[in-house]
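Please look through the sequence and the model shown below. The report that follows describes how some of the parts are arranged.

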Amino acid sequence: LRESEERYGRLFEATPVRHSAGMVLEEEQFRREFEALKTLPFVAADDAMTDPRTAGYVDNYLRPLRIRSMLDIVIRADGRNLGLLCIEHVDRAHHWEDHEIAFASQLADKVGFALLARERQTVARAVSERVRQLATLMSHLPGMAYRCRNDADWSALFVSDGCVALTGYRPEDFTSGAITRWMAPMTGATH
């Protein structure tokens, strides 16, 4: 979701009972609600047909779907606006009570947490795949690859499996500190 758009992923209509694809609403057409939602946690439009914040919706959204009242709650998490939770009444105007707004706000928070969790899982899978690719690359390198600290012992942080063929030692022998002072600085000579 860009800051300049609202994206409705799915639309559920209770009457008739159906789901349909969502839509993208651009800020240019819906500027008043966008401005309100950038500073407020929600827009409660009891009469959405006459509320100036929802004026951009009247012809293309409210009237065709017979929506009279709208409650749009910002889905915010991690300091970002991730979307909107939209609850609407059709055929008659509805006054949004405090408990309805509180419930919808809690629901939007839950959706935000779920979206963040999904985002973190996606990142974790990508990191895991990169680690797998790097491990595969390292295991197929001829010779030995390593990474050391810049300390007196050149403490090994990483040593590839190729070290076994070259030294007779396992990578963990180097990284655990069992073998120390194994490389002299700048000469490559071993001790």
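Which residues make up the largest nonpolar core? The ten residues are F30, F34, A45, A48, Y57, V58, Y61, L62, I67 and M70. A nonpolar core is a set of buried Ala, Val, Leu, Ile, Met, Phe, Trp, Tyr and Cys residues joined through side-chain atoms within 4.5 Å. Buried means under 20% relative accessible area and exposed means over 50%, with partly exposed in between (1.4 Å probe, protein chains only). Helix 2 gives this core its largest share, three residues. A second, separate core has nine residues, among them L85, I101, A104 and A108.

The model is predicted: local features need pLDDT of at least 70, side-chain atom pairs count only at pLDDT 80 or more, and totals for chains, interfaces and linings use all residues. Residues are numbered from 1 along each chain as its sequence is written, and side-chain values use heavy atoms, with hydrogens and water left out.

Helices (H or I, at least four residues) and strands (E, at least two) are DSSP runs, numbered from the N terminus. Three strands make an open antiparallel sheet in the order 5-6-7. Strand 5 (42–45) and strand 7 (80–90) are at the edges with a single partner strand each, so one side of each has no neighbour in the sheet. Two strands count as paired if DSSP finds at least two bridges between them; strand 5 and strand 6 (residues 67–77) have four bridges. Within this pairing, A45 is opposite M70 of strand 6.

The angles run from 0 to 180 degrees between N-to-C directions, with axes as lines fitted to C-alpha atoms, for helices over the stretch in contact.

| Helix | Strands touched or crossed | Angle to strand 6 |
|---|---|---|
| Helix 2 (residues 58–65) | touches strand 6 and strand 7 | about 120° |

In helix 2, the buried residues are V58, Y61 and L62. Seen down the helix axis, they fall within an arc of 115°, so they line one face of helix 2. That arc is taken from the directions from the helix axis to the C-beta atoms. The face turned away from the buried side carries the exposed residues D59, N60 and P64. Just after helix 2, R66 has a positive phi of about 60°.

D51 is in the loop between strand 5 and helix 2. D51 counts as buried because its relative accessibility is 12%. Leaving out residues up to four places away in sequence, D51 touches A44 and A45.

Terms used
Contact = heavy atoms within 4.5 Å.
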